[in-house]
Amino acid sequence: MAQKKVALACSVCGSRNYTIAYSPNRTHRLEVKKFCKHCGKYTMHQETR
Ligand SMILES: [Zn+2]
């Protein structure tokens, strides 16, 4: 079975730069600061479904 994945999208330009394994234990949207190659800097990335 394929593991369910969610994307992390840059909150500035909206590009989906990362995919992570979906965790059913999380109740809120994951927000992490990651490097966005489109923006050329670290930005907040939000989980998308
Ligand atoms: Zn960006």
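Four strands form an open sheet in the order 2-1-4-3, and the pairing is antiparallel. Here a strand is a DSSP run of E with at least two residues, numbered from the N terminus, and two strands pair if DSSP finds at least two bridges between them. At the edges sit strand 2 (16-21) and strand 3 (31-36), each of which pairs on one side only. From one strand to the next, the twist averages 40°, where axes are lines fitted to C-alpha atoms and angles run from 0 to 180 degrees between N-to-C directions.

This is a predicted model, in which local features need pLDDT of at least 70 and side-chain atom pairs count only at pLDDT 80 or more, while totals for chains, interfaces and linings use all residues. Residues are numbered from 1 along each chain as its sequence is written.

**The chain as a whole**
- The chain has 0 helices (DSSP runs of H or I, at least four residues) and 4 strands.
- Along its principal axes, the C-alpha trace spans about 35 × 20 × 15 Å.

**How the strands pair**
- Strand 1 (residues 5-10) is joined to strand 2 by 5 bridges, and the two run antiparallel; A7 stands opposite T19 in strand 2.
- Strand 1 also pairs with strand 4 in the antiparallel sense, over 4 bridges, and here A9 stands opposite Q46.
- Strand 4 (residues 41-48) pairs with strand 3 over 6 bridges, again in the antiparallel sense.
- Look for F35, whose bridge partner in strand 4 is Y42, and for E31, which stands opposite Q46 in strand 4.

**The hairpins**
- Between strand 1 and strand 2 the hairpin has 5 residues, and G14 takes a positive phi near 80°.
- In the hairpin of strand 3 and strand 4, there are 4 residues between the strands, and G40 takes a positive phi near 75°.

**Burial and contacts**
- Of the 49 residues of the chain, 8% count as buried, meaning that 20 or more other C-beta atoms, placed from the backbone, lie within 10 Å of the residue's own.
- Strand 2 is hardly covered, since the count of buried residues among its 6 residues is 0.
- Two residues are in contact if their C-beta atoms, placed from the backbone, lie within 7 Å.
- Among contacts between residues at least 6 apart in sequence, 43% join residues at least 24 apart.

Terms used. A residue is buried if 20 or more other C-beta atoms lie within 10 Å of its own, exposed if 12 or fewer, and partly exposed in between; C-beta atoms are placed from the backbone.
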